[in-house]
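Colleague: Hi! Could you walk me through this one when you have a minute?

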Amino acid sequence: MLIFTYGSMMKTVELHKRCPTARTFCNALLPDHQLRFNRESKERKGGVASVVPHPGSEVWGVVYEIALTEMDALDRGEGFRPNRPPEQNSYRRLSHQMVLIDGDPQRELVVELYQANPQANPPLPSKGYLQLLIDGAAAAGLPLHYQRELAAIPTA
């Protein structure tokens, strides 16, 4: 299964905590979406990332290939249970069409991604959490302008 990551799991070591056999597939662009920190995580001590529809914006990330046997661990880690009503999950897992960046830039790809169920008045992300996103984007070789955008995000 292909998963698009745009938050802390862009950093491979973070993803491997849940999915040890995950392999990098490519970098990709999610068009007409914006990165938001609209959910609080006690573990991360602040707001955590999600993507929301936003015409004209784009979110860069890393697509990983995940073994089906590891998807349960990934779902649990994201607070998603397929058998629960969507509003009772922290995140929803959605199928989405992406623009493939590595290889043929015109090729499109269908991936799964997690989108947060937003909360009212979530805090800013912590410096440590945001640094995971910045480090993951740098390690993946995402565009420098996007790395700079991440670095400019205010923190708690």
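**Chatting through the chain**

Colleague: Where is Asp 75 found?

Modeller: Asp 75 is found in helix 2, residues 71-77. Helices (DSSP H or I, at least four residues) and strands (E, at least two) are DSSP runs numbered from the N terminus. Keep in mind that this is a predicted model, where local features need pLDDT of at least 70, side-chain atom pairs count only at pLDDT 80 or more, and totals for chains, interfaces and linings use all residues. Residues are numbered from 1 along each chain as its sequence is written, and side-chain values use heavy atoms, leaving out hydrogens and water.

Colleague: Does Asp 75 count as buried or exposed?

Modeller: Asp 75 counts as buried, because its relative accessibility is 3%. Buried means under 20% relative accessible area, exposed over 50%, and partly exposed in between (1.4 Å probe, protein chains only).

Colleague: And what does Asp 75 touch?

Modeller: Setting aside residues up to four places away in sequence, Asp 75 touches Phe 80, Arg 81, Pro 82, Arg 93 and Tyr 114. A contact here is heavy atoms within 4.5 Å.

Colleague: OK, zooming out. How many helices and strands does the chain have?

Modeller: There are 4 helices and 5 strands. Reading from the N terminus, the order is β-α-β-β-α-β-β-α-α.

Colleague: What is the radius of gyration, and what would a compact globule have?

Modeller: The chain has 15 Å, which agrees with the value near 15 Å for a compact globule of 156 residues. That radius is taken over C-alpha atoms, and the globule rule is 2.2 Å times the number of residues to the power 0.38. Along its principal axes, the C-alpha trace spans about 40 × 35 × 30 Å. Buried residues make up 47% of the 156. Of the contacts between residues at least 6 apart in sequence, 71% join residues at least 24 apart.

Colleague: Which residues touch the most other members of the largest nonpolar core?

Modeller: That core has 44 residues, and Phe 4, Leu 35, Leu 133 and Leu 150 touch the most other members. By nonpolar core I mean a set of buried Ala, Val, Leu, Ile, Met, Phe, Trp, Tyr and Cys residues joined through side-chain atoms within 4.5 Å. The elements giving two or more residues to this core include strand 1 (2-5), strand 2 (23-41), strand 4 (91-100) and helix 3 (127-140). Strand 3 supplies the largest share, 8 residues.

Colleague: What is Leu 35 in contact with?

Modeller: Beyond its neighbours within four places in sequence, Leu 35 is in contact with Tyr 6, Ala 49, Ser 50, Val 59, Leu 133, Tyr 146, Leu 150 and Ile 153. Leu 133 and Leu 150 turn up again there; both were on the list of residues touching the most other core members.

Colleague: Staying with strands, where does Val 48 lie?

Modeller: Val 48 lies in strand 3, and it counts as buried at 7% relative accessibility. Not counting residues up to four places away, it touches Arg 36, Phe 37, Asn 38, Arg 39, Ser 41, Tyr 91 and Tyr 129. Val 48 and Ser 8 are 40 residues apart in sequence, with their C-alpha atoms 8.7 Å apart.

Colleague: New topic: what is phi of Asp 32?

Modeller: Phi of Asp 32 is near 60°, a positive value in a residue other than glycine. Most residues other than glycine have a negative phi. Asp 32 is in strand 2 and counts as partly exposed, because its relative accessibility is 42%. Lys 45 also has phi near 60°; Lys 45 sits in the loop between strand 2 and strand 3 and is exposed at 67% relative accessibility.

Colleague: What about Glu 14, buried or exposed?

Modeller: Glu 14 is buried, with a relative accessible area of 11%. Glu 14 belongs to helix 1, residues 12-16. Leaving out residues up to four places away in sequence, Glu 14 touches Ser 8, Met 9, Arg 44 and Leu 132.

Colleague: Last one: where does Pro 118 lie?

Modeller: Pro 118 lies in the loop between strand 5 and helix 3, and it counts as exposed at 54% relative accessibility. Pro 118 and Glu 87 are 31 residues apart in sequence and 9.7 Å apart in space, C-alpha to C-alpha.
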